[in-house]
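User: I am new to this structure. Please walk me through its salt bridges.

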Amino acid sequence: KQVIPGNVFTQQKLGLAGEYFSDINLGTKVLDRNDSNINFDWGDGVPDPNLNWQEATNDPNQFGTDDFSARWTGKFKAPVSGEYTFWVNTKTDDGIRLWVNGQALVNAWEVGDGIEEYSAKITLEAGQAYDFKLEYYDPDSAAGVQVSWDAPGLDRQIIPSEVFFQQVQSYSNQGSGYYTGSLNPVTKLTSSGPIRNQEGIY
């Protein structure tokens, strides 16, 4: 049990923070959304059905899946201990960079290398939380990216959504108090007892 300010709460939110940009340099952000994991094959479509790159950028040369980039950040918990292989699959002309626990595992930011799959190894400990960051861009034609892994006793698979989470802060005008229990939902103990809401925000 600890005393925390009444107007700031840290919670866990499932999934990864996805940021989408209307250029290939992660420059002009046009969309924020929560993505459960990295398993996308957009083909000749767009990353989000509500997003029209031509309208968002007012540039007739930027439409469909061409000339956009994305960044995903968050954390994950390793299900088992041992050496993991991370696999990143993308299209032949796309650029990709992957960091795990602050370590650059994949750096393929040059287009036209003809490679569609990259892999790298790292040792992780079961139950530990690790930082995850993936950056991607598509300069032309089809677009898509998938991230999978394998580990001791764990066959290769797309990294499942249930291991990814973000730590986010919620704010309130309430006064200070005591906080106990899990991060989601938040329980705040007051003189009249615990109060809750579905989102854990006061």
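Analyst: A salt bridge here is a side-chain nitrogen of Lys or Arg within 4 Å of a carboxyl oxygen of Asp or Glu. The model is predicted.

User: How many salt bridges does the structure hold?

Analyst: The cut-off for a pair is 4 Å between the nitrogen and the oxygen. Counted this way, the salt bridges in the structure number nine.

User: Is Asp35, the partner of Arg33, buried or exposed?

Analyst: Arg33 and Asp35 meet through their side chains, N to O, at 2.7 Å. Buried means under 20% relative accessible area. Asp35 has 5%, so Asp35 is buried.

User: How many residues apart in sequence are the parts that Asp41 and Lys91 tie together?

Analyst: The side chains of Asp41 and Lys91 form a salt bridge of 3.5 Å, N to O. Asp41 sits in strand β5, while Lys91 is in the loop between β7 and β8, so the pair links parts whose separation in sequence is 50 residues.

User: Which strand holds Glu135, the partner of Arg97?

Analyst: The closest N and O atoms of Arg97 and Glu135 are 2.8 Å apart. The pair ties together parts 38 residues apart in sequence, because Arg97 lies in strand β8 and Glu135 in strand β11.

User: Which residues join Arg97 and Glu135 in one network?

Analyst: Glu135 is buried, at 5% relative accessible area. Salt bridges with shared partners connect Arg97 and Glu135 to Glu19, Lys29, Asp32 and Arg71.

Notes:
Residues numbered from 1 in each chain as written. Predicted model: local features only at pLDDT ≥ 70, side-chain atom pairs only at ≥ 80, totals over all residues. Heavy atoms only, no water. Buried < 20%, exposed > 50% of the residue type's maximum accessible area, 1.4 Å probe, protein only. Helix = DSSP H or I, 4+ residues; strand = E, 2+ residues; numbered from the N terminus.
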